[in-house]
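Please open the model in a viewer and follow the stops below in order. Each stop names a selection and then describes what is found there.

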Amino acid sequence: MSSMESLAQLEVLCEKLYNSRDSAERAHAESTLKCFSENSEYISQCQYILDNASTPYALMLASSSLLKQVSDRSLSLQLRLDIRNYVINYLAARGPKLQNFVIVSLIQLVCRITKFGWFDDDRFRETVKEATDFLSLASQDHYFIGLKILNSLVMEMNQANTAMPMTLHRKTASSFKDQFLLQIFQISLTSLNQLKSEAPDDFRHVPLDLALKCLSFDFVGSPVDESSEEFGTVQLPASWRPLLQDPSTVQIFFDYYKVNDIRVSKEALECLVRLASVRRSIFTDDPARSQFLSHLMSGTKEILLTGQGLADHDNYHEFCRLLGRFKVNYQLSELASVEFYGEWIGLVAEFTTRSLLSWQWASNSVYYLLSLWSRLVTSVPYLKGETPSLLDDTVPKITEGFITSRINSVQAILADNSLENPLDSVEVLQDQLEFLPYLCRFKYQSSSLYIINIMEPLLQAYTERSRLPAPGDADELSVIEGQIAWMVHIIAAILKIRQTVGCSQESQELIDAELSARVLQLISIADTGLHAQRYQELSKQRLDRAILIFVQNFRRSYVGDQAMHSSKQLYARLSELLGLNDHLVLLNVIVGKIATNLKCYAECEDVIDHTLSLFLELASGYMTGKLLLKLESVKFIIANHSQENFPFLAEYSCSRSRTTFYYILGSLVFMEESPVKFRTFMEPLQRVSLTLEATADAAFRTDVAKRAFIGWMRDLRGIAMATNSRRTYGLLFDWLYPSRMQLLLRAISLWTDEPEVTTPLLKFMCEFVLNKAQRLTFDSSSPNGILLFREVSKIIVAYGSRILLLPNGTDIYGSKYKGIWISLTVLSRALCGNYVNFGVFELYGDRALADALDISLKMTLSIPLSDILAFRKIFDCFALSKWSPMYLSLPVSRCKCKLGSYFGYSKLSKAYFGYMEVLFNNHIRFVLNLDTNTFVHIVSSLESGLKGLDTAISTQCASAIDSLAAFYFNNVVAGDGPPSPASLNLTRHIGEFPSLFPQILKTLFEIILFEDAGNQWSLSRPILSLIMTSEQMFSDLRAHILASQPVDQQQRLSQCFDKLMADVNRNLEPKNRDRFTQNLTAFRHDFRLK
């Protein structure tokens, strides 16, 4: 604290750090105080602050700084023990007088030290005993501090930490679970019983929260995903069995549910949800399991009867989750065998019906109730004996209640604009309709009649409105369309699931036909008369989206050769009702609707996307694609794909959809591989290109030319995506080269500063140079591969040389980085496409390759390495928010890293490291001829990439390093001829930076030994290559690693190193590499044993 005049000044700074609204003031305080969390010499100063400071913010600084220091795992064993003992005694002496957030931080510090030192010294494990000692003290405050220590310890042990390897975390958590978790859960139960009547409401949640943490523990190494509502089975150990068989265990949580405190009752229900999810096998006999189930059902029955607590939404939601768990973990026969099953199932049915009618309040909770009923009805065929399921009467009522509630919701939503419309969200619809098909098909005859009886009047009213000369009451028509949309969604959901429960498949097909006929009839009504003028209305758009989803589900079930032969009953009935006697006629209806949507929805991007998604599904199937080509409507689309016929192509907002549209059309055209048909198909695009070519440079910069070119590029990219064979690619290549390539070069030269233009152009080139399915295979006498690369080089050089001259804007990713990473991807794909002999360029003095490599390197070097590695900042930032005293009390919104930019920077990182892999593998001499500083910068970036969380990037970096080390070994260490210029350059680089290879080897060993890398095979390759470059380097690293380990382990670990190189020869032959990889796997396993 020498830099500060007094403790009072520090307290003022702490106050500013945590409370000031002035960002500059906070930044100054943060900069001044960060030394406490970064320098271990300040640990004693933190203790001084804890002993003498008077403000809670100063105490918070000291505590969180110690937490950060401990989390870095660089402190000595004795120092960590001293800190732990000091904080425990500090909490005992001063804990009751501290602010709660200071107590929480100090407890987290103790628990973090305990976890990190779990296997270092047994004294760290005494934290559980010391926490229980707090419970025996007379003060109630000490009692709750003890419970909070246990609570935080369970949470710390269960939560992975980026500073601890995952393997060590799981090993520590498993040891803690086996030794202490049951004891802690028993303490929570004891505390719950003691505090049931004594403690104030504010304290009752503490032992309840502890019990919940225990039940939520990761018992098998696959943690609960708290973001998911379906968290699976709780795998309690067998040692917990006596507690579960004790009726008081379940009863205490039902008792706490009755407490008026909402937080307490919600946590009690959460505990019950986990108890209901305990694995079945923990009970050794059926009577014990039945007794446990009976107790759970009895408690829920009482809640259903009284309705206590269900007026609170959180309680309501958790209670629905609890009911949903019954069928997940127990069989229908077990439920039915409970004495009061009949009363219980009746109450659940009534509760479900009321919930469905309260859709505005319980929309998210109904999911679990419907899940319960769907699982119940699917289990009926497996119900043995004479025990009645009592579902025959209840399930149809629930089905009707759901349908009625959706129909009624349309009018309510129209009257209240603040309500969200579920028809606008695909995810919400999917959740609400996921389980309905099982309920409908359980009693399909009665359910279908109910649906038809609702659908028929709506269709009749809709048909009558189409014949009116004027719209009339627009709200009334919107309600009709909304109600029909719900019915179409319901029918679509039913058709998605083909399950025979309760009736034969033939009878189900007939009912499917009856329901489908109503929707197919609707298709002809929706685009006629008055309705053909309403494409701008939201209700009409929702209806058409529903129709598209119906068609998608119907197609998957009933369109195609196999479906046609196995669904004769359905097509026979459709023939009787609508005259649709086979799927070719039906496809014609579907494609007609697709064409109508594409013609009429010029400005609704959502409907266009849904329509194209359906069209793509049809065109992607081999048989359905062949059938489509027989239809006149498809022939019309292929022959008339202009803006005049499909106005959405002229809408700038729908420009992204053009790529999908032309990908579909291209796929259909290429099915026949006819050059004449292809040239005819390309005539509209040819007219656009001729217009653009004839445009002067000044006019080329106008919005009209700009939009025309962007659309042209998106169209061509879609067609390029559709070329999946050598012949089809050749058709596009011959059309484009050489006459139209000059237009691309001109555009990227004139529009370099406009990402709206350069991005679609570069993305087209990215697709055009990709050698997927070996489509870029030219004749042996053809120069096309070389010519293509020369064009790529021209475009990359033109773009790169200009983009580097532009100033950095506020959105540097959008204005520069995005174009650069796409350019790197284009070049990477061209370099590794295996269709160019790159030696030709140097042989004949062609600068195409050299210029492309030079400008691409300049583009990569123009990006700071920190930005290339920005994909790691997001994770570091969240880790920092947990540990740093500077961020501990700040919301994530103040974080300097923006989540929205993560995905873009991630693409930049992948493109950069992918390009480096190609360079080092295929053009390493170019890298070695660079100046030393640039070379070292690039290699250091590869080492940074190894440390990233992205396995793909780590693998690319490992491959590049392997190529570099192998080149050094083969040409410098083991080379027997005159050294090449590249070898001399590499020797010079390593001579000026001798620590380069040792540092990379050290990093690789740290990843292998202390992290859970999913690409161990890839990492083993560069390790062997580096070891081969210098035995002394490996010996030094071995000595360094052994010196860092406990003395009693060094001999064993030395033997592990001996085994690592056993039977490994001094070469890089494939067999030798495989042997080393096997040894490395065994070495890693043996090294990590304690």
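**Stop one: asparagine 985**

Select asparagine 985: beyond residues up to four places away in sequence, it touches Leu928 and Asn929 (a contact means heavy atoms within 4.5 Å). Asparagine 985 sits in helix α52, residues 981–992 (helices are DSSP runs of H or I, at least four residues, numbered from the N terminus). With a relative accessible area of 16%, asparagine 985 is buried (under 20%; exposed is over 50% and partly exposed in between, with a 1.4 Å probe and protein chains only).

This is a predicted model, in which local features need pLDDT of at least 70, side-chain atom pairs count only at pLDDT 80 or more, and totals for chains, interfaces and linings use all residues. Residues are numbered from 1 along each chain as its sequence is written, and side-chain values use heavy atoms, leaving out hydrogens and water.

**Stop two: a helix pair**

Next, select helix α56 (residues 1047–1060) and helix α57 (residues 1070–1087), which pack at an angle of about 170° with axes 9 Å apart. Axes are lines fitted to C-alpha atoms over the stretch in contact, and angles run from 0 to 180 degrees between N-to-C directions. Helix α56 is therefore roughly antiparallel to α57 (an angle over 145 degrees). Residues to display at the contact include Leu1053 and Phe1057 of α56, and Leu1080 and Phe1083 of α57.

**Stop three: confidence**

Finally, colour by pLDDT, the predictor's confidence in each residue from 0 to 100. The protein chain has a mean of 88, but residues 224–229 stay under 50.

Definitions and conventions
Helix = DSSP H or I, 4+ residues; strand = E, 2+ residues; numbered from the N terminus. Parallel < 35°, antiparallel > 145°, perpendicular 65-115°, else oblique.
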